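Here is a short briefing to read alongside the model. Please keep the viewer open as you go through the points.

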Amino acid sequence: AAAAATAPRAGATKPPRQKATTTAAAGGRSRESRRTRYTHTLLGTALTPAQQAYYRKALDALTEFKAEVRDDAPGWQFMMEKSGVRVTKKAVPGQVLNMIRGVTTIAMPPRALAKFGMDRSLKPKHDRMFDFGFDVERVDASFCVSLDVFKAIWPTSPREFLSATVVEHTPDGCVYIASRAVDHPDCPVGDGRVRGECLLGGYYIEPVGTAGNASKIVFISFVDVKGNIPNIVVNKVSTDTPMMLVPMREFGEKMDYSGYLEDDDAAAAA
């Protein structure tokens with residue numbers, strides 16, 4: 001069981017160290033030349049006017065996301081439970097698409113699991129539909145605008161999603177990762193692709209068990225894939241989306257996640 005987590009196995013896959021990068025703000029001028037008095041409430045980082053807009057969208061998403069991951073959140077209907085993943089759906093007023101939620105337990109501590117979930121270098125190993133992705137603009141470890149591209153399912157075109165994402169760590173060891181679609185002048189739609197819209201998405205991760213080496217993870221997906229796919233088909237396919245937690249769990253529980261924790265320890269000591 002995931003709650004009876006063991007230490008990372010010797011010789012297991014270890015995450016590469018990654019350096020955070022910061023790009024220029026929209027408009028081409030450097031962030032330093034466009035500083036304002038607006039403050040990033042999570043890390044106290046000054047933001048440019050363009051970043052303010054992205055950040056406000058991400059914060060709105062975070063507020064809504066926190067409400068939906070609660071165990072007592074209203075409106076969720078049970079769909080299925082398979083391979084240790086409980087799947088529920090929710091009808092959203094004014095929308096024909098359903099919001100989908102998946103819940104499971106993974107034998108990794110929350111800090112490591114959060115970084116693993118956002119690590120694009122390893123994502124193709126546990127998500128067969130993921131093609132590639134990159135940060136269009138990153139302010140710090142807790143706030144970025146990024147593009148993720150997914151492979152085509154015949155006869156449809158590949159899908160891409162451009163989103164602002166915010167990460168919040170709580171004092172009790174939980175992690176929220178919430179995303180919402182944005183537009184960015186430096187990231188037009190890729191040739192041959194269709195840009196979908198992430199209405200709300202992300203992960204909520206909380207520690208479980210006594211050893212602190214396992215996590216409950218709640219995955220939310222509320223996505224409009226756009227294009228000419230009937231909504232009834234989108235709703236049917238989206239019900240299976242949380243099952244990506246199964247290969248994510250299987251791969252994550254075999255890897256050596258200590259590198260993720262070492263990066264945190266090094267940052268704390270700096």
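A charge is said to sit over a ring if NZ of Lys or CZ of Arg is within 6 Å of the ring centre and within 35 degrees of the ring normal. This is a predicted model, in which local features need pLDDT of at least 70 and side-chain atom pairs count only at pLDDT 80 or more, while totals for chains, interfaces and linings use all residues. Residues are numbered from 1 along each chain as its sequence is written, and side-chain values use heavy atoms, with hydrogens and water left out.

**Charges over rings**
- Lys66 lies over the face of Tyr176, at 5.0 Å from the ring centre.
- Over the ring of Trp76 sits the charged end of Arg101, 4.4 Å from the centre.

**The chain as a whole**
- The protein chain has six helices and ten strands (DSSP runs numbered from the N terminus: H or I of at least four residues for helices, E of at least two for strands).
- Of its 270 residues, 47% count as buried (under 20% relative accessible area, with exposed meaning over 50% and partly exposed in between, for a 1.4 Å probe and protein chains only).
- Among contacts with a separation of 6 or more, 62% come from residues 24 or more positions apart (a contact means heavy atoms within 4.5 Å).
- The accessible surface of the chain is about 13600 Å², and carbon and sulfur atoms hold 53% of that (Shrake-Rupley method, 1.4 Å probe; for residues, only the protein chains shown count as cover).

- Strand β7 (residues 175–181) is largely enclosed by the rest of the structure, because seven of its seven residues are buried.
- In a regular strand the side chains alternate between the two faces of the sheet.
- In β7, Val175, Ile177, Ser179 and Ala181 point one way, Tyr176, Ala178 and Arg180 point the other way, and all are buried.
- Strand β6 (residues 159–169) pairs with β7 in the antiparallel sense over seven bridges (strands pair if DSSP finds at least two bridges between them).
- Val166 stands opposite Ala178 of β7.
- Five residues lie between the strands in the hairpin of β6 and β7, where Gly173 takes a positive phi near 90 degrees.
- Strand β9 (residues 197–208) runs antiparallel to β7, joined by five bridges, and Tyr204 in β9 is the bridge partner of Tyr176.

**Glu168 in β6**
- Glu168 lies in strand β6 and is buried, with a relative accessible area of 16%.
- Glu168 and Ala178 are ten residues apart in sequence, and their C-alpha atoms are 8.7 Å apart in space.

**Helix α4**
- Val234, Asn235 and Ser238 are buried in helix α4 (residues 231–238).
- These residues cover an arc of only 95 degrees around the axis, which puts them on the same side of α4 (the arc is that of the directions from the helix axis to the C-beta atoms).
- On the other side of α4, Ile232, Lys236 and Val237 are exposed.
- What do the buried residues of α4 pack against? They pack against β3 (98–106).

**Aromatic pairs**
- The structure holds six aromatic pairs (rings of Phe, Tyr and Trp, the last by its six-membered ring, with centres within 6.5 Å; planes under 30 degrees apart are stacked, over 60 edge-to-face and the rest tilted).
- The rings of Phe150 and Phe161 form an edge-to-face pair, because their centres are 6.0 Å apart and their planes stand at 75 degrees.
- This pair links Phe150 in strand β5 (residues 143–150) with Phe161 in strand β6, eleven residues apart.
- Phe161 counts as buried, at 13% relative accessibility.
- Phe130, Phe150 and Phe161 form one aromatic cluster.
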